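Trainee: I have a structure open and want to learn how to read it. Can we go feature by feature?

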2 protein chains.
Amino acid sequence: MVNSADTLAKLFRIDRECRHLEHALAALQWDQETNLPPKGVEDRSEQLAMLEGISHERLIAGETGRLLESLESTSENPRGDEGLPDIDRDFLRVLRRKYDKAVKLPADFVTAAARAEGLSQAAWSQARKNNDFASFLPHLETMIEFSRKKAEYWGFGGQNGDRAALYDGLLDIYEPGMPAPEIDTVFLPLRDRLVTLLKKIKLCPPPDTSFLSQPFDAERQARLNRRLMDYLGFDRRRGRLDISAHPFTTTLGSDDVRITTRYFQNNLLSGVFSVIHESGHAFYEMGFPPELRGTSLADGASMAFHESQSRFWENVIGRSRPFWEGFFPILKDGFPDQLKAVDSETFYRAVNLVKPANIRVDADEVSYALHIILRFELEKRLISGELSAEKLPEVWRQYTQEYLGLESDTDADGALQDVHWSQGSFGYFPSYALGNLYGLQIRKAILKDIPDFESHVARGDFGAIRAWLGDHVYRWGCRLAPAELLFKITGEKLSVIPFLEYIEAKYTELYGL
Amino acid sequence: MVNSADTLAKLFRIDRECRHLEHALAALQWDQETNLPPKGVEDRSEQLAMLEGISHERLIAGETGRLLESLESTSENPRGDEGLPDIDRDFLRVLRRKYDKAVKLPADFVTAAARAEGLSQAAWSQARKNNDFASFLPHLETMIEFSRKKAEYWGFGGQNGDRAALYDGLLDIYEPGMPAPEIDTVFLPLRDRLVTLLKKIKLCPPPDTSFLSQPFDAERQARLNRRLMDYLGFDRRRGRLDISAHPFTTTLGSDDVRITTRYFQNNLLSGVFSVIHESGHAFYEMGFPPELRGTSLADGASMAFHESQSRFWENVIGRSRPFWEGFFPILKDGFPDQLKAVDSETFYRAVNLVKPANIRVDADEVSYALHIILRFELEKRLISGELSAEKLPEVWRQYTQEYLGLESDTDADGALQDVHWSQGSFGYFPSYALGNLYGLQIRKAILKDIPDFESHVARGDFGAIRAWLGDHVYRWGCRLAPAELLFKITGEKLSVIPFLEYIEAKYTELYGL
């Protein structure tokens, strides 16, 4: 007879220790991206590796598995979690998932993979610089092999090699319970409709963006973006904004969520939209309810759910007409000389310029998903073996032509453009586009409850919107699987329709299609 | 038969892990003082407590003691470390010391002490604010009791209560092998000569400092102080300067040493001298040779040795006439309006104003040691029991009158002014004044090797001086006990003479005594 309250308390304690270590790691990583003196890198890497090792050890320590088993309903223990409150059952499921992901990979495999990833990323970095795919090829092949192996350890695919199912195992890291065939059902129509929309837009004259080609002083941008954070309602007692080479959001504690951005003198929009995007991530992280605080349940439901929040703020709010009606006067106050001849409508149109280009991270709202679908198609086939790594640059060019109507100039800006595959992160890309879809399904649900959504946004009054997201999205943390959470929030299953309706209506109006 | 190379490698590995954890802790603490969002404090405390626990666990893990014993020369193993190179013997001794300090305190004592210190510090903070010594008294008594107990655990004093020797045990934390009677031999003459000097200076007219009572913009101060760092030769690829409530130096890795300062609009000197002082600490931390890198030997020889370095730069260099001949033009360039009517000689005289006051941290070079000796006399007697905690404020006032010729206005600026005792840090204060003495003995040694020391300083060329400190001080890390290191550097035992000669000559000239 186990004392379940006692067992549960032990598991919560183990979990809490791991969370503290994860947050300490996040603090060291944040510091590395924002503050670390150049020569401090070597020691910092060793510190990180060491803390990661300790965190891993604590999680898979002998006790954890035994404690979990004693509380779970299994064939030997069919009423294990009976009588436990839902939140505790959710906790057990989430901790089990974490435990399994950690414990099922043999230690020597983890070490070998980490070493190979280090070499691969270094090789990628050089290869991209030299536009030399051939030098990266053997590393890419190794990364594919390690990824397949990893999925196998986690129980996907099976020995006899259902390699298509191996990719599902990689997707499962980022989007639990969302295999490739399910993603296909939304990505295929999405691709076709976006390709069509893009072709129409290309025939239209672009909006005026000439006023963006002026110098915008970086220190003034920094001041402006702090005003923007405050405008959005970012609680700076619980977080902060800093500068890093690539914008990101990270959580160092329940009340310590930090975002970063970057400032280019010749690109005002980059800093602004990064701040809005990362604030969306941060609101999610800051919004978990007290009962999840400090536990593994205080986390986004999935990578795509996190992206749904950042993209909701960046695109649905930040690229909307009412947003710029409200915020443009403040922006103009920050840059009176540069913007004296511009009005909010002109600015709104400029930030929604559609211009397909080779680089994903610079893509507009219409092209973006096409970059993602391209990568999804290719990585799925790389893992299944349908596509050999060697052929990647060629097929990349072919798809880029097909989806975006572009010639890829170079492999550096083609198959070598993203860091993800060099780190073995296959299965990550779909989250970005799924996030857009979730976000627009969520918008449809908000509009039912807050019909004057747009006037809230125009007033710069985001309280009701954030409260709604808190009640419907944030409150669940990662208690539910993404599909389940999406249904709970929207009453609907994953669907491409809300996104397509939104984007077609918006750009039809903007470009007068 | 033990394989000593193997055993040693194991000990180095344990040590390296502990160092990484200490550096990770330093990173989190640095972040807390410079960046932490206000509400993040609670989680951060838990993260720190947890990492401290892990670090402690790793150090005292069963293996460490056994491995140490097998390599040490003891009565059972008289030739244990025979044949080992000196550096490895030094390593074993330093690790043994760390191990003993950690392992000899029972876990429940450590927990109880940590809790009592937390309460005590909070009570002190309130008591100081309200000028209410009585409310702090019970906590002070508890801190004294815990400190005595701690010294006992470390083997000082003995059961039958040689309480004077207990204080030696506390001194030993900061200044290994330097008991109170030895400190007495320098502090007593120091006190008498400084009291006499101070009385003479008080009769003289003070230098002109009126130009310091102007506003000095904080952002301009920040720019100026970055120039000052560069001027001193601080390698910013291996460290950085930030802002915190109290200036400090901390080491996050062999190539990551960070200093902080603070800027007051009405006090230009505070920021400047903090930067020079902390740079002195940082040069020490950055200067340990490669063979000590990453080990416990890469540390200051003692608290006073660290202070000898910071105070050498702050006072011997930073408050010297040649320094201001060189740096004043740069300072003037930073604040042309405020300093247009001032020349370097006037500025030099102003930074050496002697004006006894109640607050230690604001004290001038002549009064400073008197503040320290006062605290040394009192804490020694608090620990021995000669002085009851209740009587502290009264005796504090009496000593302040005797040493500094001042009436203490309040306990807040008297017996409650420093945080140290509220944290149980008895035995720490003497380091500050010992540091001054070491520093001036070191100056005497440098002058033999670099007779044109002053012209180096006047040129702002600190390369030869830093190289000398590297060869004679930094290279040893904490391989030698402070007294041994001092003798190695200067060929002399601890002496008050170089300091007294320096300070009497300097202020006789400045004040025309």
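Mentor: Start with one residue. Asn131(B) has 13 C-beta neighbours inside 10 Å, so Asn131(B) counts as partly exposed. The scale is this: buried means 20 or more other C-beta atoms within 10 Å of the residue's own, exposed means 12 or fewer, and partly exposed is in between, with C-beta atoms placed from the backbone. Bear in mind that this is a predicted model: local features need pLDDT of at least 70, side-chain atom pairs count only at pLDDT 80 or more, and totals for chains, interfaces and linings use all residues. Residues are numbered from 1 along each chain as its sequence is written, and chains are lettered from A and ligands numbered from 1 in the order in which they are written.

Trainee: Where does Asn131(B) sit?

Mentor: Look in the loop between α5 (107-130) and α6 (133-153) of chain B. Helices (H or I, at least four residues) and strands (E, at least two) are DSSP runs, numbered from the N terminus.

Trainee: What can phi tell me about Asn131(B)?

Mentor: General idea first. Most residues other than glycine have a negative phi. Asn131(B) is not a glycine, yet its phi is positive, at about 50°. Now turn to chain A. Asn131(A) has a positive phi near 50°. The loop between α5 (107-130) and α6 (133-153) of chain A holds Asn131(A). With 13 C-beta neighbours inside 10 Å, Asn131(A) is partly exposed.

Trainee: How do I compare two copies of a chain?

Mentor: Two copies are related by a rotation about an axis and a shift along it.

Trainee: How many residues of chain B are in contact with chain A?

Mentor: 30 residues of chain B are in contact with 30 residues of chain A. Contact means that the C-beta atoms, placed from the backbone, lie within 7 Å. On chain B, α1 (4-34), α2 (41-60), β1 (239-243) and β2 (249-253) each supply at least two residues of the side that touches chain A. By class, that side has 10 nonpolar, eight polar and 12 charged residues. Ala, Val, Leu, Ile, Met, Phe, Trp, Tyr, Cys and Pro count as nonpolar, Asp, Glu, Lys and Arg as charged, and the others, Gly among them, as polar.

Trainee: Which surface do the copies use to meet?

Mentor: 100% of the interface residues of chain B are also interface residues in chain A, so the copies meet through the same surface. Take Glu17(B), in helix α1 of chain B. Not counting residues up to four places away in sequence, Glu17(B) touches Met50(A) and Arg58(B). Glu17(B) and Arg58(B) are 41 residues apart along the chain, and their C-alpha atoms are separated by 7.9 Å.

Trainee: How do I read a pair of helices?

Mentor: Check distance and angle. Axes are lines fitted to C-alpha atoms, for helices over the stretch in contact, and angles run from 0 to 180 degrees between N-to-C directions. In chain B, the axes of α8 (residues 180-202) and α21 (residues 497-511) come within 11 Å and cross at roughly 5°. That makes α8(B) roughly parallel to α21(B). The classes are roughly parallel under 35 degrees, roughly antiparallel over 145, roughly perpendicular from 65 to 115, and oblique for the rest. Arg193(B), Leu197(B) and Ile201(B) of α8(B) meet Leu500(B), Glu504(B), Tyr507(B) and Tyr511(B) of α21(B).

Trainee: Which residues have the most contacts inside the largest nonpolar core?

Mentor: In soluble globular proteins, nonpolar side chains tend to be buried together. A nonpolar core is a set of buried Ala, Val, Leu, Ile, Met, Phe, Trp, Tyr and Cys residues joined through C-beta atoms within 7 Å. The largest one has 246 residues, and Ile373(A) and Ile373(B) have the most contacts inside it. Leaving aside neighbours within four places in sequence, Ile373(A) is in contact with Phe187(A), Leu190(A), Arg191(A), Tyr403(A) and Ala433(A).

Notes. Two residues are in contact if their C-beta atoms, placed from the backbone, lie within 7 Å.
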